[in-house]
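Let's take a friendly walk through a protein model, stopping at a few places along the way. Keep the picture in view as you read.

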Amino acid sequence: MISFFACLALLIVGFTVYSKIAEKVFGPDDRKTPAITMEDGSDYVPMGTARIFLIQLLNIAGLGPIFGALAGACWGPSVFLWITFGTLLGGGVHDYMVGMMSMRHKGASVSELTGTYLGTTMKQVMRVFSVVLLVLVGVSFSTGPANLLAMLTPNVLNTRFWLAVVLIYYFIATFVPIDKVIGKIYPIFGICLIVMALGVGGAILLGGYTIPEITLANLHPANTPIWPTMFVSVACGAISGFHATQSPLMARCLTNERDGRKVFYGAMVAEGVIALIWAAAGVAFYNGTGGLLTALGGGQSSVVYEICFKLLGPVGAVIAMIGVIACPISSADTAYRSARLTLADWFKIDQKPIKNRLLLTIPLLGVGSILTQFDVQVVWRYFSWSNQTLAMIALWSASVYLFRRKRFYWITALPATFMSAVSCTYILIAKEGFQLSTAIAYPAGILFAAVCLGTFMFTCVLGKGKNAAAPTLEEGASA
């Protein structure tokens with residue numbers, strides 16, 4: 001239990017210290033933000049900082065820090081370390097830099113930011129990659145809430161019924177102005193999510209359960225290697241490329257650059273705390289990784305329901321389940337919204353007219369509804385890899401951004417190198433990938449990361465980057 005509290009303290013202290021270092025590296029100022037200079041009543045809408053924080057938390061969280069943390073806990077309490085340091089050194093920096101870069105570039109999506117700093121080819125890759133990832137998120141976060149709602153309602157209201165309801169809601173929330181649905185109800189559900197996490201954590205601590213201490217031993221019952229599988233399984237609880245698609249949404253609503261640290265970095269740390277609580281709850285509630293893995297065989301939704309019901313009782317379980325249901329729904333609808341805006345940026349389609357929003361919303365939801373008929377677990381595995389790969393690319397984009405402004409680029413280049421190794425190794429070793437042996441995949445992953453770092457160093461620091469070191473003109477900056 002000491003390990004759990006130590007990691008929790010590190011997350012809190014780390015936010016107060018390291019987030020300020022990231023802020024100092026970026027250098028926010030008093031320029032007018034896109035929410036003010038480009039207000040359109042649809043996607044560029046000024047909102048209060050507290051409200052934006054809760055929206056950002058719901059947007060990035062979803063089932064990720066819950067399902068991912070439970071899956072990661074199958075390797076034992078070593079997952080606490082990845083959640084803690086991944087959040088502080090990777091996820092928080094990633095979310096903050098992308099959000100702030102978007103604000104500096106008229107609320108641009110991550111694919112357009114990538115094109116600005118990594119070139120046209122990478123922009124095209126990221127456009128396709130982002131839209132595919134966002135649709136996968138929408139699919140993954142449709143069936144989960146539907147299953148949970150079916151558990152809480154009469155049998156006649158089955159999963160298929162609730163899936164239809166959820167998809168209809170996504171259709172509405174994807175194209176209406178951001179302050180009409182998202183801006184009004186998400187802060188309420190954000191509070192429910194926080195209460196749910198505190199309730200589960202408190203019940204574990206006060207209920208006589210034992211949270212094991214950190215060990216670096218691989219405690220996975222199937223002996224699945226920690227590297228890189230655990231790092232990809234946790235995903236949203238430590239660092240997530242999905243967040244790079246969500247931060248621009250709130251970058252279009254913030255009215256002060258100096259609030260970016262609280263919103264982007266702060267929401268990531270809050271998600272890390274949620275993931276830490278659920279990882280601890282998983283190993284403690286099932287008395288070890290063996291019991292947890294067996295329980296997960298019946299579905300992650302059932303594990304969440306069982307933990308909430310037995311720890312908090314019927315009333316507490318309903319409150320907790322509302323948070324768990326609202327969390328993925330809030331991520332999926334903003335995923336579809338982000339996909340719409342990515343396509344709009346791509347094809348230069350003005351999103352102020354309703355007909356233009358519907359032109360993109362209808363086919364996106366149509367594709368998503370078809371994909372819900374496939375095995376969501378398979379979809380989730382591909383999402384996990386693509387998620388970490390997008391984070392890798394976003395961090396390299398931020399590194400070039402910082403280099404061009406003569407800032408301390410190592411704050412993003414080091415986690416970018418690490419994530420390059422994670423992403424490459426995973427796709428080489430995974431069942432949904434090339435299924436290579438660790439003897440091949442491990443050195444190949446390290447080599448790929450070294451090549452990425454070497455390319456960055458040669459291009460920017462030693463090579464032609466010196467000829468392009470002048471900052472790209474940003475919104476609100478002087479020419």
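We begin with Val 79, which is found in helix α5, the helix spanning residues 79–104. Keep in mind that this is a predicted model. Is Val 79 buried or exposed? Its relative accessible area is 0%, so Val 79 is buried. Leaving out residues up to four places away in sequence, Val 79 touches Gly 72, Ala 73, Met 230, Val 234 and Ala 279. For a sense of distance, pick out Gln 246, which is 167 residues from Val 79 along the chain. The C-alpha atoms of Val 79 and Gln 246 are separated by 25 Å.

Now look at Ser 78, which is found in the loop between α4 (64–72) and α5. Ser 78 has a relative accessibility of 6%, and because buried means under 20%, Ser 78 counts as buried. Which residues does Ser 78 touch, not counting those up to four places away in sequence? They are Ile 214, Thr 215, Ile 226 and Met 230. Met 230 is also on the list of residues that Val 79 touches.

**The loop between α9 and α10**

The next stop is the loop between α9 (182–206) and α10 (229–234), where Pro 212 is found. With a relative accessible area of 28%, Pro 212 is partly exposed. Apart from neighbours within four places in sequence, Pro 212 is in contact with Met 1, Pro 77, Phe 80 and Val 283. Pro 212 and Ala 270 are 58 residues apart in sequence, and their C-alpha atoms are 22 Å apart in space.

Pro 228 lies in this loop between α9 and α10 as well. Most peptide bonds are trans. The bond from Trp 227 to Pro 228, however, is cis, with omega near -5°.

**Two residues with positive phi**

Backbone angles give us another thing to look for. Most residues other than glycine have a negative phi. Lys 348 has a phi near 55°, a positive value in a residue other than glycine. Where is Lys 348? Lys 348 lies in the loop between α14 (300–347) and α15 (354–371). Its relative accessible area is 67%, so Lys 348 is exposed.

Lys 406 has a positive phi too, of about 60°, although Lys 406 is not a glycine. You can find Lys 406 in the loop between α16 and α17 (410–429). With a relative accessible area of 73%, Lys 406 is exposed.

Helix α16 itself covers residues 376–404, and Thr 389 is found in it. Thr 389 counts as buried, at 7% relative accessibility. Setting aside residues up to four places away in sequence, Thr 389 touches Phe 129 and Ser 423.

**Two pairs of helices**

Two packed helices are described by the angle between their axes and the distance between the axes. Here are two pairs to compare on screen:

| Helix pair | Axes come within | Crossing angle |
|---|---|---|
| α6 (residues 110–118) and α7 (residues 120–152) | 7 Å | roughly 165° |
| α11 (residues 242–251) and α12 (residues 260–285) | 11 Å | roughly 135° |

How do we put a crossing angle into words? The crossing of α6 past α7 is right-handed. On the α6 side, the contact is made by Val 110, Ser 111, Glu 112, Thr 114, Gly 115 and Leu 118. On the α7 side are Thr 120, Met 122, Lys 123, Met 126, Arg 127 and Ser 130. By class, the residues of this contact of α6 with α7 are 4 nonpolar, 5 polar and 3 charged.

For the second pair, the axes cross at roughly 135°, and α11 and α12 are therefore oblique to each other. α11 also passes α12 in a right-handed crossing. From α11, the contact uses His 243, Ser 247, Met 250 and Ala 251, and from α12 it uses Phe 264, Met 268 and Glu 271. The contact of α11 with α12 divides into 4 nonpolar, 2 polar and 1 charged residues.

**How confident is the prediction?**

The chain averages a pLDDT of 89, and 95% of the residues score at least 70. Over residues 465–470, pLDDT stays under 50. For that stretch, the model has 10 contacts beyond four places in sequence.

Definitions and conventions
Residues are numbered from 1 along each chain as its sequence is written. This is a predicted model: local features need pLDDT of at least 70, side-chain atom pairs count only at pLDDT 80 or more; totals for chains, interfaces and linings use all residues. Side-chain values use heavy atoms; hydrogens and water are left out. Axes are lines fitted to C-alpha atoms, for helices over the stretch in contact, and angles run from 0 to 180 degrees between N-to-C directions. Helices (H or I, at least four residues) and strands (E, at least two) are DSSP runs, numbered from the N terminus. A crossing is left-handed if the near helix is turned anticlockwise from the far one by less than a right angle, and right-handed if clockwise. Contact means heavy atoms within 4.5 Å. Ala, Val, Leu, Ile, Met, Phe, Trp, Tyr, Cys and Pro count as nonpolar, Asp, Glu, Lys and Arg as charged, and the others, Gly among them, as polar. pLDDT is the predictor's confidence in each residue, from 0 to 100. Buried means under 20% relative accessible area, exposed over 50%, partly exposed in between (1.4 Å probe, protein chains only). Angles under 35 degrees count as roughly parallel, over 145 as roughly antiparallel, 65 to 115 as roughly perpendicular and the rest as oblique.
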